[in-house]
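Subject: Two-chain model, handover and notes

Hello,

Here is the model I said I would pass on. My notes on helix packing, overall size, domains and the contact between the chains follow below.

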Amino acid sequence: MNLDFTPEETAFRDEVRAFIRENYPKELAGMGSREDLTREQFLAWHKILGKKGWSAPAWPKKYGGTGWTSTQRYIWSEENARVDALMPLPFGVSMVGPVIYTFGSEEQKAKHLPGILAGDVWWAQGYSEPGAGSDLASLKTTAVRDGDHYVINGQKTWTTLAQHADWGFFLCRTDPSAKSQEGISFILVDMKTPGIEVRPIRLIDGTHEVNETWLTDVRVPVENLVGKENEGWTYAKFLLAHERSGIAGVARSKRGVERLRSIASSETVDGTPLILNGDFSRKISQLEIDLTALEFTELRTLASEAQGKGPGPESSILKIKGTEIQQRLTELTLEAVGNYGAPYARGMEGHGVNDLGVGPEYSNFAADTYFNMRKTSIYGGSNEIQRNIITKMILGL
Amino acid sequence: MDFNFTEEQTMIRDSLARLIKDQYDFDTRRKVIASSEGWRPKMWAQFAELGLLAAPFSEEDGGLGGGPIDAMVVMEEFGKGLVIEPYLQSVVIGGGFLKRGSDGQKAEHLAPMIAGERVFAFAYAEPKGRYNLADLETTATKDGAGWKISGHKAVVVGAPWASHLIVTARTGGARRDTKGIGVFIVAKDAKGVTTRDYPTVDGRRASEVHFDNVSVGADAVIGDAAGGLPLIERVTDEAIAALCAEACGAMKVAQTMTVEYSRQRKQFGTPIGKFQVLQHKMVDMFMEAEQSVSMTYMATLKLDEDDVTRKKAASAAKVRIGQAGRFVGQNAIQIHGGNGMTDEYAIGHYFKRLTIIDSEFGNVDHHLKRYTDLSATEVLVAAE
């Protein structure tokens with residue numbers, strides 16, 4: 001047991017650090033947590049990584065992954081977090097990609113994986129419905145076979161950034177007589193197909209991050225079915241486990257704690273830096289300690305994955321603790337900025353830039369980010385659902 | 001980066017687990033605790049035979065070539081079995097000081113400690129010093145070539161079973177100065193040492209130890225007689241890492257025992273483990289225990305890094321494990337209901353051990369402050 005990097009790993013770190021320094025778009029520096037960017041901004045780093053062959057480090061090498069060890073992947077995310085890089089969105093790389101290369105046909109792999117790797121094709125996730133949130137298996141959207149097509153009807157919601165999407169992966173009921181988890185299929189849908197309407201939902205932080213997606217008589221070729229009909233739930237669960245393992249966000253939270261420390265060093269209480277205020281500094285310490293516990297739990301999980309075990313129910317721990325920490329971090333950041341948490345940056349002139357000239361630059365968006373991050377304990381299977389998963393899969397109750 | 005155990009470490013774990021299963025069942029333990037001796041010297045001899053006492057020492061020092069990870073493996077199994085024998089005090093702490101002593105001290109003390117013939121206890125705490133390792137009223141004054149020690153050491157765990165004590169004492173400076181502190185080896189039967197022995201709430205034995213002009217030779221001092229604090233801090237951090245491992249073992253058992261109980265216990269016509277409010281409590285217990293393991297690995301693996309990194313790692317682990325131990329212990333009792341309150345159920349004994357672990361070598365508040373102060377130092381240094 002040891003924490004040392006081998007000389008090869010140190011060389012690898014230097015290599016990726018240099019690559020990031022030389023290639024990360026300057027205009028996107030420090031914007032890794034922002035949600036209100038253009039499609040081009042979101043995809044810029046992804047496209048650069050795609051050319052380099054580094055856009056999907058977790059994928060098997062034969063499908064375009066990097067073949068990196070778990071330690072190398074850890075180094076990779078640390079190095080990106082150092083510059084708060086805007087990483088490839090999860091919908092293609094972390095969600096549908098692994099489902100396609102694991103369960104999809106050869107045609108599907110050939111058609112979709114290159115676009116995901118290159119960052120050319122934007123994917124949307126069609127899981128939740130107005131009546132199917134945590135109880136995802138109660139979804140009602142139907143796909144009815146009609147010759148060599150499925151005809152899809154229904155309504156999806158919380159479709160994140162679907163306003164930019166080229167393709168979507170949808171869970172649809174293909175056997176209405178089966179009980180809830182059976183009879184669901186996993187279908188890939190071209191978002192330009194007639195009958196799809198994407199309507200924005202404005203969130204409490206003022207952003208348009210999610211949408212309602214209405215599907216009316218949407219005709220999709222049967223070859224867009226992934227795996228077998230009525231077995232989509234298996235693929236959906238597989239996807240959620242994959243989604244959870246990246247969800248801990250350790251490297252990004254470490255960067256966030258550094259930022260919080262620097263804010264708390266600038267803010268003063270009675271003339272003394274906030275960071276030297278016992279009450280506040282102990283909150284930061286507790287957060288940092290909990291983050292260390294999460295980091296080493298993730299490292300242990302990565303190490304056991306490296307020995308051939310896929311992401312298991314343990315990834316639920318990473319989801320729960322990772323999101324709790326992300327939320328606490330934004331909460332403390334808002335506390336740290338004091339009065340300047342109140343000005344609404346998105347309601348001001350020139351809100352696309354960082355420095356709005358009201359209060360210190362670091363106070364902009366502090367409240368919005370805190371509001372926005374409440375989503376993390378709800379999405380990807382709410383933290384209560386994660387506890388149900390651990391109850392069943394690990395405690396065996 | 002590597003989280004695997006060596007073959008030797010796995011062997012230590014397996015053979016110790018077997019020994020505990022065969023000879024350290026709950027009823028036997030209760031009888032031993034209630035006996036006049038309060039421990040089993042024969043068990044200690046078996047530990048020596050298994051190589052546990054030699055495991056964390058280098059081969060040059062007469063050990064098996066292991067280190068802190070070997071001690072971690074042993075302590076986790078001790079935690080699972082609620083083993084009371086003084087491995088932490090004699091091997092981790094006593095050995096931790098002695099291996100940094102002179103060749104003469106190693107020959108005189110370390111070799112018989114590893115053989116199980118000498119048992120050490122750590123007399124550092126004082127009635128008014130709380131967790132501050134430098135807050136010492138015990139004095140060691142120069143007396144010819146040697147020293148005379150006087151003072152009162154509090155709650156010296158394992159002292160009733162010890163042949164020797166490691167004693168911290170002030171050799172100069174004012175009461176809480178970081179300079180002017182020495183570490184001394186004192187035979188418990190030396191003239192002027194008196195003890196008042198008593199049981200602890202978690203099944204061990206401890207003593208109040210009084211030193212009344214106890215004479216020791218120059219060879220009793222480990223390291224620098226005026227600059228002993230860094231060594232004390234280092235060994236204490238090693239003890240914290242080992243103690244965290246013990247807590248992990250105890251938490252794992254308390255957590256699985258609670259899950260098992262919830263499967264058996266029926267109320268309202270159904271096993272209580274079917275109630276979601278209890279399920280989520282037990283999931284939280286599981287997560288606390290798992291994260292404690294992570295923190296124990298972290299602290300153990302950082303023991304040899306620079307002082308600040310090591311101290312922050314040990315304090316971070318102690319904070320997290322203190323909180324986790326309290327959460328796991330309290331909820332284990334709650335879910336066991338009235339049965340958890342009885343002496344007859346093992347769970348209460350895990351709860352008691354976890355409770356006391358938090359107060360050993362500094363509790364959550366102490367280490368959260370230590371961690372914060374160390375971080376503030378970094379901020380100030382960076383600002384300069």
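**Helix pairs in chain A**

In chain A, Lys283(A), Ile284(A), Leu287(A), Asp290(A), Leu291(A), Leu294(A), Thr297(A), Glu298(A) and Thr301(A) of α8(A) are in contact with Ser315(A), Ile317(A), Leu318(A), Lys321(A), Gly322(A), Ile325(A), Arg328(A), Leu329(A) and Leu332(A) of α9(A). Two residues are counted as in contact if their C-beta atoms, placed from the backbone, lie within 7 Å. Sorted by class, this contact has nine nonpolar, four polar and five charged residues. Nonpolar covers Ala, Val, Leu, Ile, Met, Phe, Trp, Tyr, Cys and Pro, charged covers Asp, Glu, Lys and Arg, and the others, Gly among them, are polar.

The model is predicted: local features need pLDDT of at least 70 and side-chain atom pairs count only at pLDDT 80 or more, while totals for chains, interfaces and linings use all residues. Residues are numbered from 1 along each chain as its sequence is written, and chains are lettered from A and ligands numbered from 1 in the order in which they are written.

Helix α8 (residues 278-306) of chain A and helix α9 (residues 315-337) of chain A have axes that come within 10 Å and cross at roughly 155°. This makes α8(A) roughly antiparallel to α9(A). Angles under 35 degrees count as roughly parallel, over 145 as roughly antiparallel, 65 to 115 as roughly perpendicular and the rest as oblique. The axes are lines fitted to C-alpha atoms, for helices over the stretch in contact, and angles run from 0 to 180 degrees between N-to-C directions. The crossing of α8(A) past α9(A) is left-handed, a term used if the near helix is turned anticlockwise from the far one by less than a right angle, with right-handed used if clockwise.

The other pair in chain A is helix α3 (residues 70-82) with helix α7 (residues 250-266), packed at an angle of about 35° with axes 8 Å apart. Here the crossing is right-handed. From α3(A), Ser77(A), Glu78(A), Asn80(A), Ala81(A) and Arg82(A) meet Ala251(A), Arg252(A), Lys254(A) and Arg255(A) of α7(A). This contact has two nonpolar, two polar and five charged residues.

**Chain A overall**

Chain A has eleven helices and ten strands. Helices (H or I, at least four residues) and strands (E, at least two) are DSSP runs, numbered from the N terminus. The C-alpha atoms of chain A fill a box of roughly 75 × 50 × 50 Å along the principal axes.

The domain assignment of chain A gives domain 1 (7-88), domain 2 (123-231) and domain 3 (246-395); such bounds come from an automatic or database assignment. The C-alpha centres of domain 1 and domain 2 of chain A are 30 Å apart.

**Chain B**

Chain B has eleven helices and nine strands. Its radius of gyration is 21 Å, close to the 21 Å that the globule rule gives for 384 residues, so chain B is as compact as a globular protein of that length. Its C-alpha atoms fill a box of roughly 80 × 55 × 40 Å along the principal axes.

Chain B is assigned domain 1 (7-118), domain 2 (121-227) and domain 3 (234-383). The C-alpha centres of domain 1 and domain 3 of chain B lie 22 Å apart, and their contact takes 17 residues from domain 1 and 21 residues from domain 3. On the domain 1 side, α4 (68-81) and α5 (87-98) of chain B each give two or more residues, and α4(B) has the largest share, ten residues.

Helix α8 (residues 276-301) and helix α9 (residues 307-336) of chain B have axes that come within 9 Å and cross at roughly 155°. The two are therefore roughly antiparallel, and their crossing is left-handed.

**Between the chains**

In the contact between chains, 32 residues of chain B meet 30 residues of chain A. On the chain B side, α7 (229-264), α8, α9 and α11 (364-383) each supply at least two residues, and α8(B) gives the most, with 13 residues. The chain B side divides into 19 nonpolar, nine polar and four charged residues.

Regards

Definitions and conventions: The radius of gyration is taken over C-alpha atoms; the globule rule is 2.2 Å times the number of residues to the power 0.38.
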